[in-house]
Amino acid sequence: MTRLMLGRTLERICKGVLLLCLLHFLIMMILYFDVYSQRFDLFSRFNNGRNGSRNNVSGAAGSGHHYYYYNLSRPNATLASYLATGEQLVPSVQPETNQTPSPKPLPPCPENPPGLVGRLLIEFSSQMTMERVQKENPNVTEGGRYTPPDCRPRWKVAIIIPFRHRENHLKYWLHYLHPILRRQRIDYGIYIINQLGEDTFNRAKLLNVGYTEALKDAEYDCFIFSDVDLIPMDDRNLYHCYDQPRHFAIAMDKFGFRLPYAGYFGGVSGLSKKQFLKINGFPNEYWGWGGEDDDIYNRITLNGMKVSRPDVRIGRYRMIKHERDKHNEPNPQRFNKIQNTKNTMKKDGISSLTYRVVQVKRYPLYTNISVEIGKPPPRPIKG
């Protein structure tokens, strides 16, 4: 009898456990489908909100559409955490506006750019091609223009090169100077002023042409005038303008890395627009080699300015060796002209410049301006 009652009791207990398990299973299934429906509803609302925002972006103002956004701004909040708790995201109405956020102003470029290398190894033995130089400088835009993307330069610089029959030198110049100028965080454009024809070369007049033509292109306030065969050996020699006219190439290898004389202003120099106009630009009447840089030095000093120069250890340059150009023979009148700078600088300069532009062509690495600048006056007959 006792065994029979014990068996029935155990049977009832087992049935009760089974019923409890079944009830637990049903409750779990109900909870699962309830949470699943909430998650599905949340995703649909989230997608509807995104679609509504897209419609508002493409639609006109006042069309009746509204922007929706979801507040996920709580610390460490993510969409997944909201889904896990089953919390519903409440759409909020964002006021419609046609205004776009203005970009933050760029900081000024540092006076001493951090990416400078210092002393550079300059050599001209390897073959150079324009294709190679172009691949090396993908950030330079058409016409040889570049602007630093991350800072605001103090100067907008036009670099002007007087030119004729120096294509091979130009390749080396572009190869070395573009990377240097970019590291210096300079906003610049490169202008090659090509003298057409085979008449006597006139370096200073071509520089005046470069100044005038570059200003037609952009609002430059600094002008650097460089021979195409001179490469700086130190990128700390910063190519921008200074409080006084700047002479950059103070220590060329052909002069034993020394300044040849105190009044030398040749090779590479720079003037601000204000300084350039104060001296009436450069002389136009120096046909042939020599004299024009001394005339420019005289113009600077006669107008109460002083020439500034970098440290001799920084202002070092290498010159590409070459034979003297044809039709650029030494000017026999240069010494007399230099002595008369005070009398000629008011009437001979940018104010009296005449020339004719034949072609302006913008290449990937520079702007080429081909010009006719006339012929030298006949030399007086000796006797």
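Visitor: Why is Asp150 called partly exposed?

Guide: Asp150 has a relative accessible area of 39%. Buried means under 20%, exposed over 50%, and partly exposed in between, with a 1.4 Å probe and protein chains only. The 39% of Asp150 lies in between, so Asp150 is partly exposed. This is a predicted model, in which local features need pLDDT of at least 70 and side-chain atom pairs count only at pLDDT 80 or more, while totals for chains, interfaces and linings use all residues. Residues are numbered from 1 along each chain as its sequence is written, and side-chain values use heavy atoms, with hydrogens and water left out.

Visitor: What makes the contact of Arg185 and Asp150 a salt bridge?

Guide: A salt bridge is a side-chain nitrogen of Lys or Arg within 4 Å of a carboxyl oxygen of Asp or Glu. For Arg185 and Asp150 the N to O distance is 3.4 Å, so the pair qualifies. The two residues are 35 apart and belong to distant parts of the chain: Arg185 is in the loop between helix H4 (167-183) and strand E5 (187-195), Asp150 in the loop between E3 and E4. Helices (H or I, at least four residues) and strands (E, at least two) are DSSP runs, numbered from the N terminus. Arg185, at 23%, is partly exposed.

Visitor: Which residue forms a salt bridge with Asp235, and how do you know?

Guide: Arg183 does, with the closest N and O atoms 3.0 Å apart. This pair, too, links distant parts of the chain, with Asp235 in the loop between E7 and E8 and Arg183 in helix H4, 52 residues apart. Asp235 has a relative accessible area of 0% and is therefore buried, whereas Arg183, at 24%, is partly exposed.

Visitor: Are Lys216 and Glu213 buried or exposed?

Guide: Lys216 is exposed, with a relative accessible area of 59%, whereas Glu213 has 9% and so counts as buried. Their side chains meet in a salt bridge at 2.8 Å, N to O. Both lie in helix H5 (residues 203-217), three residues apart, about one turn of the helix.

Visitor: How many salt bridges are found in the whole structure?

Guide: The search finds 15. Arg145, Asp217 and Arg362 are linked in a network of salt bridges.

Visitor: What makes Cys109 and Cys151 a disulfide?

Guide: A disulfide is a pair of cysteine sulfur atoms within 2.5 Å. The S to S distance of Cys109 and Cys151 is 2.0 Å, so they form one. The link is right-handed, with 85 degrees about the S-S bond.

Visitor: Why is the disulfide of Cys222 and Cys241 called right-handed?

Guide: Because the torsion about its S-S bond is about 90 degrees. The sulfur atoms of Cys222 and Cys241 are 2.1 Å apart. Cys222 is in strand E6 (residues 222-226) and Cys241 in the loop between strand E7 (230-232) and strand E8 (246-247), 19 residues apart. Cys222 and Cys241 are both buried.

Visitor: What is the pairing of the bonded cysteines in sequence order?

Guide: The pairing is 1-2, 3-4, and the structure holds two disulfides.
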